[in-house]
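The sequence and the model are shown first.

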Amino acid sequence: FECDVTNGQAVDEVVERVIGRFGGLHILVNNAGITRDTLLPRMEDAQWDDVINTNLRGAFLFTRAASRAMMSSRYGRIINMASVSGAVIGNPGQANYSASKAGIIGFTKTVARELGKRKVTVNAICPGFIATEMTDALGPAILDEVKKQVPARRLGESQEIADAVLYLASESAAYMTGQVLTLDGGMTA
């Protein structure tokens, strides 16, 4: 289902459609994210707002809508995509992105405490540099420099992130909530 993650009514409608089609909602992965990179003195209000609204507000809206069904069924897994840029390090030109991802971490920890008694877990994943269209846009020269900073000497693969999501969505992670799992090839070790 397509949805503007910044529109509360659209999010509520998508969640209702999912529940209607599948008979419930047990797993939510908040993965929508954008960048609008520029140094802070040049950052326009719209660049700040676009990133915060998509990356942080979108996670809030979907979590709020999905948590209602999860609390009723007394089961759920919410996995939020943060970033090492918000968790551990900043990134020049990404004040908006880093702020949104740091916000995801605080949001994750708070919501985990609120929903835990209803058997809903809430965790975050902090990817480092992962081979995606977003990182491809950095160009080969920057990516070569990034790889030098990563002890694994490579970018992560999207399948490695997907495997972590699968773990957090599984029964094996039933006692894990409010945690931040960093997958960055040792970059922040």
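With which side chain does the side chain of N30 make a polar contact? The partner is the side chain of T63, at 3.0 Å; a polar contact is a pair of N or O atoms within 3.5 Å, where within protein one must be able to donate a hydrogen and the other to accept it, and residues adjacent in sequence count only if both atoms are side-chain atoms.

The model is predicted: local features need pLDDT of at least 70, side-chain atom pairs count only at pLDDT 80 or more, and totals for chains, interfaces and linings use all residues. Residues are numbered from 1 along each chain as its sequence is written, and side-chain values use heavy atoms, with hydrogens and water left out.

**Strand β1 and the sheet**

N30 is placed in strand β1; helices (H or I, at least four residues) and strands (E, at least two) are DSSP runs numbered from the N terminus. N30 is buried at 9% relative accessibility, where buried means under 20% relative accessible area, exposed over 50% and partly exposed in between (1.4 Å probe, protein chains only). Leaving aside residues up to four places away in sequence, N30 touches G58, A59, F62, T63, I78, I79, N80 and M81, contact meaning heavy atoms within 4.5 Å.

The strands form an open sheet of four, in the order β1-β2-β3-β4 and with parallel pairing; two strands pair if DSSP finds at least two bridges between them. β1 and β4 are the edge strands, each with a single partner, so one side of each has no neighbour in the sheet. From one strand to the next the twist averages 20 degrees. The parallel strands β1 and β2 are joined by four bridges, and I27 stands opposite R77 in β2. Between β2 and β3 there are six bridges, again in the parallel sense, with I79 partnered by N123 in β3. Four bridges join β3 to β4, which run parallel, and A124 stands opposite V180 in β4.

Strand β3 is largely enclosed by the rest of the structure, because eight of its eight residues are buried. Both of its faces are covered, with V120, V122, A124 and C126 on one side and T121, N123, I125 and P127 on the other.

α2 packs on it and touches β1, β2 and β3, its direction making about 175 degrees with that of β1. α4 lies across β2, β3 and β4 and runs at about 160 degrees to β3. For these values, axes are lines fitted to C-alpha atoms, for helices over the stretch in contact, and angles run from 0 to 180 degrees between N-to-C directions.

**Nonpolar cores**

The largest nonpolar core holds 19 residues, of which F62, M70, I78 and V122 touch the most other members. Such a core is a set of buried Ala, Val, Leu, Ile, Met, Phe, Trp, Tyr and Cys residues joined through side-chain atoms within 4.5 Å. Two or more residues come from each of α1 (8–22), α2 (45–73), α4 (95–115) and β3 (120–127), and α2 gives the most, with five. Not counting residues up to four places away in sequence, F62 touches C3, V5, V11, V14, V15, L28 and N30. A second, separate core has 13 residues, including A59, A82, I104 and L155.

**Salt bridges**

Side chains of opposite charge can pair when their charged atoms come close. The whole structure contains five salt bridges, each a side-chain nitrogen of Lys or Arg within 4 Å of a carboxyl oxygen of Asp or Glu. Among them are the following.

| Pair | N to O distance |
|---|---|
| D50 and R36 | 3.8 Å |
| R77 and E171 | 3.4 Å |
| E160 and R154 | 2.7 Å |

D50 lies in helix α2 and R36 in the loop between β1 (27–30) and α2, so their pair ties together parts that are 14 residues apart in sequence. D50 is partly exposed at 34% relative accessible area, and R36 is partly exposed at 36%.

R77, in strand β2 (residues 76–81), and E171, in the loop between α7 (158–169) and β4 (180–183), are 94 residues apart. R77 is buried, at 2% relative accessible area, whereas E171 is exposed, at 53%.

In the remaining tabulated pair, E160 is partly exposed at 31%, and R154 is partly exposed at 38%.
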